[in-house]
Amino acid sequence: MADIKSNSFLFWLGDPLRATKDEATESYRFTGGSAWWVVPLVVGAVLLLASFAGGFADHKQFFFSYLVAWSFCLSITLGALFFVVVQHLTHARWSVVVRRLAEALIWAFPFLAVLGIPIILGMHDLYHWTHEELLDPTDSHYDPLIAGKVPYLNTPFFIGRLVLYFLVWTFISHRLYTLSIKQDINPDASIRGKQYKISAIGLVLFAVTTAFAAFDILMSLDPHWFSTIFGIYFFAGSFVSALALMIFSNALIQKRGGMLEGIVTTEHYHDLGKLMFGMTVFWAYIAFSQYMLIWYGGIPEETIWYRHRLEHGWEYHSAVLLVAHFIIPFIILLPRGNKRFLPLLTFMSVWMLIMHWFDLHWLAMPILDLAQNGHAGFHWLDFTTWIGLFMAYFGLFMYRLSRHSLVPKNDAHLGASLRFTNS
Amino acid sequence: MLKNLLRSAKANMSIYESNDDDEYGLLAEFSNPATLMHAAEATHKAGYKHFDTHSPFPIHGMDKAMGLSNSRVGYICLLGGITGLALATWLQWWTGSIDYPLNISGKPFFAIEPSVPVMFELTVLLSAYAAVIGMLAFNGLPRPYNPLFYSKNFARASDDAFFLFVATSDEKFDKEKTTAMMKELGSLRIEMIKDQGSVNVGNGHHDDDAVQLIEEIETVA
């Protein structure tokens, strides 16, 4: 088998494989210039540097904004990983022509691991349970509830878990990414079986690690509160945003870059739209399931979490979330024609990406306000960290796409995918 | 006026009226899905509206070839869903706060939160019912009597034969011309089916008197 390992470590973060673009079929090539990835990367770096500078003035705000931005990119990557894994496990035919986008997205895990360092540095500001005085029974701040959770919520174990999650995700995505690109230059029949196998293992590992990552990264911001469905809530939003980014980037490289013309058709967009619609409903279903059980139980430790999100201006955020993350997309994405009308579908994909960020903001920020007696709203750091991190993330995504075939050209189901119609 | 409306509604459900000679329509058999699809496309292009295709399995692209528009079942389904939602909201409110108010751990008699599951379930239930009933209605089903059943050959529509049926009620229909067109499109066997709905045909199945063989091409084994 041809060696496709890249040799430079720095570039390994961007793409672990050497460029195979020259071996790609002409119509599957990325024809855009390097500006496609350099510009977002530079914009991202500038915004992130500005955010770091802003962080010196208000480091607590910076860490919270950064956590939301980082969770946003992480959740998209997790959603994309789920997409790839499920396509392999179901032997999906329709999705082959769009699968490479998701495959390029999942190699963001090492990059996000490096960008996760500020989270570790800001743990004291972010996670209340890291405060030593809460654990000392003689201290006036002693909190028996948090002290009782020390076996799980302690700094070394927390960092260890994060490292473990990223090792698992990087392992699965490395396997899926390299196998698929290896197949491009060497149509080895055994690759399909290997993809299937790693997907089967990957799905189980994905489910456990994603749920616990959501508990650790976002739910433990409020260490008194717990909800077992929280991991699924996070997953639902992740998958919606991954599909949204796939629709958006596909439309972008097709309409602005003139690539994949006639390869990714209305039929594929329609299916991605259907999945995005379905997962938006799923998100609402999970969000409501969590809310209803807590409402019905009426136990103060649980209801307090919603209480924080229904006062000090957060009630408007909650209302916007209900209307704009569920009701409006539900009505717009329901008719068949709307999902087949690309400008509207692309608009809705951007809409869902923004709403997903809004959702994560709604999860994390009331905690910061509570600590600072603040009020709902947005800080400029929320936007610079978000756009900055996402731009850098998007730039590297485009970088990977630009180096390889845009379509897994030797996939056994490629023909079926090209011919696919919703009848 | 009303009669015409009814006639066109029935034609939309593939239930056609026979002409004065009790002739229901031409049944043309084709050898494979591709020729049937081609024939359907040509029939549609020729301006025929009252025609239908019958095959043992769904053929992808057939609705497009026949010039059928997108199914309208979705609208019926939406109506069912809205009805279910309204019904469930009313049910929750009326039973909970009017008919039999019960204080359950101080919860309000009517609140949206615990009602949502009921609203959701009834929305889904009624839209599912509406979808199935709407689908049956638009297809003109159930239809225990169909003149096509008179043809012995037509039983093969659920086995190995592909049929195109053109009703005499179509404005464009002309026995000679339509037959010639079917022949040209490569039909193996063309039959004129007579509607003998008033005649007692026992179990309602094959009746050779109702079927007039017009054309048969010897197939090469």
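## A loop in chain B with a cis bond

B:Pro142 sits in the loop of chain B that runs between helix H5 (112–138) and strand E3 (162–167). Helices (H or I, at least four residues) and strands (E, at least two) are DSSP runs, numbered from the N terminus. The peptide bond leading from B:Leu141 to B:Pro142 is cis, and its omega is near -5°.

This is a predicted model, in which local features need pLDDT of at least 70 and side-chain atom pairs count only at pLDDT 80 or more, while totals for chains, interfaces and linings use all residues. Residues are numbered from 1 along each chain as its sequence is written, chains are lettered from A and ligands numbered from 1 in the order in which they are written, and side-chain values use heavy atoms, with hydrogens and water left out.

## Other loop residues

Most residues other than glycine have a negative phi, and most peptide bonds are trans. A:His91 has a positive phi, near 50°. A:His91 belongs to the loop between H3 and helix H4 (96–106) of chain A. With a relative accessible area of 38%, A:His91 is partly exposed; buried means under 20%, exposed over 50%, and partly exposed in between (1.4 Å probe, protein chains only).

In chain B, B:Ser105 also has a positive phi, near 40°. B:Ser105 lies in the loop between helix H4 (73–99) and H5 of chain B, and at 63% relative accessibility B:Ser105 is exposed. Another loop of chain B, between helix H2 (33–45) and strand E2 (51–54), holds B:Lys49. B:Lys49 is exposed, at 67% relative accessibility. From B:Lys49 to B:Thr179 there are 130 residues in sequence and 16 Å in space, C-alpha to C-alpha.

Helix H11 (residues 230–255) of chain A is made of 26 residues and reaches 37 Å from its first C-alpha to its last, close to the 38 Å expected at 1.5 Å a residue. That expected span is 1.5 Å times one less than the number of residues. Because 22 of its 26 residues are buried, H11(A) is largely enclosed by the rest of the structure.

The axes of helix H10 (residues 190–217) of chain A and H11(A) come within 8 Å and cross at roughly 105°. Axes are lines fitted to C-alpha atoms, for helices over the stretch in contact, and angles run from 0 to 180 degrees between N-to-C directions. H10(A) and H11(A) are therefore roughly perpendicular, a term for angles of 65 to 115 degrees. Residues making this contact (heavy atoms within 4.5 Å) include A:Phe206 and A:Phe215 of H10(A) and A:Phe230 and A:Phe234 of H11(A).

H10 of chain A also contains A:Gln195. A:Gln195 is buried, at 1% relative accessibility. Leaving aside neighbours within four places in sequence, the contacts of A:Gln195 include A:His88, A:Arg99 and A:Ser180.

## Nonpolar cores

A nonpolar core is a set of buried Ala, Val, Leu, Ile, Met, Phe, Trp, Tyr and Cys residues joined through side-chain atoms within 4.5 Å. The largest has 135 residues, of which A:Trp70, A:Tyr127, A:Trp169, A:Met276 and A:Tyr393 touch the most other members. Helix H3 (residues 59–89) of chain A gives the largest share of this core, 19 residues. Apart from it lies another core, of 21 residues, including B:Ile59 and B:Phe162.

Notes:
Angles under 35 degrees count as roughly parallel, over 145 as roughly antiparallel, 65 to 115 as roughly perpendicular and the rest as oblique.
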